[in-house]
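Hi,

Here is the structure I promised to pass on.

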Amino acid sequence: MFLDLIKLYNKQKDSGRVPLEDFNTECFANILNLYPDIKNDFISHFLQLPEDEYKIRTQFNRNLENTQNCIIDLVFIGEQNVCFIECKVESSEGWKQLARYSQVLDTYYSENNKFL
């Protein structure tokens with residue numbers, strides 16, 4: 001987890017931006033990966049996603065034609081299901097952010113059950 005945070009910090013430090021939102025996302029994702037029982041409870045009880053073998057991805061970048069590219073904060077990807085989560089810390093939604101995420105889901109995961 002700490003190596004992920006150091007990489008993220010080094011990537012962001014020259015921009016003058018403090019990536020608090022990204023740090024929180026990375027910490028949360030790593031906690032879920034370290035503790036499978038917490039991950040499973042979060043997925044099944046809190047998110048109420050269908051049963052699947054979910055892998056967690058963060059800072060998930062997908063290109064879209066004719067619009068800004070999308071970097072989705074937290075993604076749960078299973079064999080049949082995919083869930084995008086946008087994490088916010090002292091910020092508001094970006095330009096058509098959720099609409100772009102929906103477009104990514106439709107473009108890249110047309111065969112999956114989709115959750116946003």
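I'll start with helix H2, where the buried residues are Glu-21, Asp-22, Thr-25, Glu-26, Ala-29, Asn-30 and Leu-32. Buried here means under 20% relative accessible area, exposed means over 50%, and partly exposed is in between (1.4 Å probe, protein chains only). Helices (H or I, at least four residues) and strands (E, at least two) are DSSP runs, numbered from the N terminus. Seen down the axis of H2, those buried residues fall within an arc of 160 degrees, so they line one face of the helix. The arc is taken from the directions that run from the helix axis to the C-beta atoms.

Before going further, two notes on the ground rules. This is a predicted model, so local features need pLDDT of at least 70 and side-chain atom pairs count only at pLDDT 80 or more, while totals for chains, interfaces and linings use all residues. Residues are numbered from 1 along each chain as its sequence is written, and side-chain values use heavy atoms, with hydrogens and water left out.

As for the overall layout, the protein chain has four helices and four strands, and along the sequence they follow the pattern α-α-α-β-β-β-α-β. Of the 116 residues in the protein chain, 35% are buried. Contact means heavy atoms within 4.5 Å. Among the contacts in the protein chain with a separation of 6 or more, 52% are between residues 24 or more positions apart.

The expected span is 1.5 Å times one less than the number of residues.

How does H2 sit against H3? Their axes come within 5 Å and cross at roughly 110 degrees, which makes H2 roughly perpendicular to H3. On the H2 side the contact is made by Phe-28, Leu-32, Asn-33 and Leu-34, and on the H3 side by Pro-36, Ile-38, Lys-39 and Phe-42. For the conventions, axes are lines fitted to C-alpha atoms, for helices over the stretch in contact, and angles run from 0 to 180 degrees between N-to-C directions. Angles under 35 degrees count as roughly parallel, over 145 as roughly antiparallel, 65 to 115 as roughly perpendicular, and the rest as oblique.

H3 has its own buried set, namely Lys-39, Phe-42 and Ile-43. These cover an arc of only 90 degrees around the axis, which puts them on the same side of H3. They pack against H2, S1, S2 and S3, while the face turned away from the buried side carries the exposed residues Asp-37 and His-45.

Phe-42 deserves a click in your viewer. Its relative accessible area is 16%, so Phe-42 is buried. Not counting residues up to four places away in sequence, Phe-42 touches Phe-28, Leu-32, Leu-47, Phe-76 and Ile-85. Leu-32 is 10 residues from Phe-42 in sequence and 8.3 Å away in space, C-alpha to C-alpha.

Then there is H4 (residues 97–108), with 12 residues and a reach of 16 Å from its first C-alpha to its last, close to the 16 Å expected at 1.5 Å a residue. Its buried residues are Gln-97, Arg-100, Tyr-101, Val-104 and Leu-105. They cover an arc of only 145 degrees around the axis, which puts them on the same side of H4. Their cover includes S1, strand S2 (70–77), strand S3 (81–85) and strand S4 (113–115).

Gln-97 is buried at 8% relative accessible area. Leaving aside neighbours within four places in sequence, Gln-97 is in contact with Glu-86 and Lys-88. Glu-86 and Gln-97 are 11 residues apart in sequence and 9.0 Å apart in space, C-alpha to C-alpha.

Most residues other than glycine have a negative phi. Gln-48, though, has a positive phi of about 55 degrees; it sits in the loop between helix H3 (36–46) and strand S1 (55–62) and is exposed at 61% relative accessibility. Gln-59 also has a positive phi, near 50 degrees, and its place is in strand S1.

Last, the cysteines. Cys-70 is buried with a relative accessible area of 0%, and Cys-83 is buried at 5%. Taking a disulfide as a pair of cysteine sulfur atoms within 2.5 Å, the count comes to zero.

Cheers
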